[in-house]
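Thanks for coming. I will go through one structure today, a part at a time. Please have the sequence and the model open.

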Amino acid sequence: MPFVARPVIPSRSVAITDFGAVPDGQTLNTEAFAAAVENLSNQGGGTVTVPAGIWLTGPITLKNNIELHLEQGAVILFSDNEDLYPIIDTNFEGLDLRRCISPINATGARNIAITGKGIIDGNGDAWREVKKRKVSDDVWKTVLKRKGGVLSDDGKVWYPNEGYKKARLTAGSLNKPAEDLDENEIKTFLRPVLVSLRNCENILLEGVTFQNSPCWHVHPLWCRNVIVNDIMVKCAYYSTNGDGIDIDGCENVMLTNSTFDVGDDAICIKSGKDEDGRRHARPCKNLIIRGCTVYHGHGGFVIGSEMSGGVENIYVADCSFLGTDVGLRFKSTRGRGGLVKNIWCDDIRMKDIESYGVIFNLYYAGVAASDMKDGGGSDIVPVDETTPEFRDIHISNVICAGAKQAIYINGLPELPLDKVTFRNCVFTAKKGLEMYNVKDVTFNKVVINGKEL
């Protein structure tokens, strides 16, 4: 893995107050942010400083050599007015789709940064659906009082509006509505990720809290040379698609000393989905993930299920997963294609894991692991470009203090999991080891409930 340097930002700076911004949480400051970025961009770059206060705004687009720096006490609050977020061509969940532009976005930019000790809030409650089964009665009553919402026909899901409901009825779990729907009518359903950095190079995210996104929180897509250090990502535990960070088709990434408490997968590695992912052919490779803590989340560290472009050369170490649904989660399904290889997970601490300490599931059905039913069976289909392959994966020095099941492996019979090793691991769980369709899985000094495998 090559050395990943911090982006070089010119020393000049401006404050958004220099361009008329007002920190009262009510005045819309979209034009002030845009003017500050444009002013520095015309001079070759610099730092846009956000002082303490609540700064309501629409989307912020970063350009070459621009740093957005939030001082202590600064809160950037993104407006929930959908008119501010035009629908654009983008890529989400590995597919080429139309979605709303992200609150913070950049395309093809070099040397960009978001730093400081402030908070970036996506105002996501106005965009997301809520499932009754995921929340307490008190939370459900609060959700029902939100402005403009409607219920599903069975009363079990709250939607922000009728357009969202119509789109959901056609989309299933794919988040891809029927193409004949009016995209402006279903605009809420096309909710954006909070931070979208696409085809960018030399990126730094450091110190900032990213919270309450309409969808995923931080999404570097097809980027190179990325440093993410000491960030906090948080949202309500029931937030639909509330991923922490989705590192998608990127190269040379350092993710360190960061904390996640989210509604879906926390640290997730992706590289595109099915035919779109194979056509783009952008593997996610050369990543170091170290010193991170995950509280609530569907998975602490996750690869997939969108991995059609391939994932390789990932090192995960010195991480704690406390109360997550799964600790280490590897998922895919037939139709994806792609090769996942050369993955090392070392020195991982887990506590109170709701379902699986470690899971490989090549029959992923788009649900949380705690909701997962029995995987696929023994049917064999021909191996081709649509067959996902997982091999050369090494898991060591894991302590799992409490889980529903220690290890669950469900590979494909036509292309079993190969060369997976477990070494120096201790699991305490209600259920031990379960494996299907594996070729070469070895255990060295692995103890489950006091018994060595």
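I start with Met435, which is partly exposed, at a relative accessible area of 30%. On these terms, buried means under 20% relative accessible area, exposed means over 50%, and partly exposed is in between, with a 1.4 Å probe and protein chains only. Met435 sits in strand E33, residues 431-436. Helices (H or I, at least four residues) and strands (E, at least two) are DSSP runs, numbered from the N terminus.

Before going on, a note on the source: this is a predicted model, where local features need pLDDT of at least 70, side-chain atom pairs count only at pLDDT 80 or more, and totals for chains, interfaces and linings use all residues. Residues are numbered from 1 along each chain as its sequence is written, and side-chain values use heavy atoms, with hydrogens and water left out.

Back to Met435. Together with Leu433 and Leu453, Met435 forms a nonpolar surface patch of about 220 Å² of accessible area. Patches take residues with over 30% relative accessible area and no salt bridge; nonpolar side chains (Val, Leu, Ile, Met, Phe, Trp, Tyr) are joined within 5 Å, and like charges within 9 Å. The areas come from the Shrake-Rupley method with a 1.4 Å probe, and for residues only the protein chains shown count as cover.

Now the whole chain. The protein chain has four helices and 35 strands. Its radius of gyration is 22 Å, close to the 22 Å that the globule rule gives for 453 residues, so the chain is as compact as a globular protein of that length. That radius is taken over C-alpha atoms, and the rule is 2.2 Å times the number of residues to the power 0.38. The C-alpha trace spans about 65 × 55 × 40 Å along its principal axes. Of the 453 residues, 57% count as buried.

Next, the rings. How many aromatic pairs does a search of the whole structure find? The search finds 10. Rings of Phe, Tyr and Trp (its six-membered ring) pair if their centres lie within 6.5 Å; planes under 30 degrees apart count as stacked, over 60 as edge-to-face, and the rest as tilted. Phe330 is in strand E29 (residues 326-331) and Phe360 in strand E30 (residues 339-361), so the pair ties together parts that are 30 residues apart in sequence. Phe330 is buried at 0% relative accessibility, and Phe360 is buried at 0% too. Elsewhere, ring pairs link Tyr159, Tyr164 and Phe189 into a cluster.

Some rings have a charge over them, meaning that NZ of Lys or CZ of Arg is within 6 Å of the ring centre and within 35 degrees of the ring normal. Arg99 lies over the face of Phe92, 4.2 Å from the ring centre. Arg146 lies over the face of Trp158, at 5.5 Å.

On to charge pairs. Side chains of opposite charge can pair when their charged atoms come close. The rule for a salt bridge is a side-chain nitrogen of Lys or Arg within 4 Å of a carboxyl oxygen of Asp or Glu, and the count comes to 28. In one of them, Arg168 meets Glu129 at 2.9 Å, N to O. Arg168 lies in helix H3 (residues 162-171) and Glu129 in the loop between strands E11 (119-121) and E12 (130-131), so the bridge ties together parts that are 39 residues apart in sequence. Are these two residues buried or exposed? Arg168 and Glu129 are both buried.

Helix H3 also holds Lys166. Lys166 forms a salt bridge with Glu185, again with the closest N and O atoms 2.9 Å apart. Here Glu185 is partly exposed at 40% relative accessibility, and Lys166 is partly exposed at 35%.

Last, the backbone. Most residues other than glycine have a negative phi, and most peptide bonds are trans. The bond from Gly304 to Ser305 is cis, with omega near 0 degrees. Ser305 is in the loop between strands E27 (299-303) and E28 (311-322). Asn123, not a glycine, has a positive phi of about 55 degrees, and is placed in the loop between E11 and E12. Asn241 has a positive phi near 60 degrees, and counts as buried at 10% relative accessibility.
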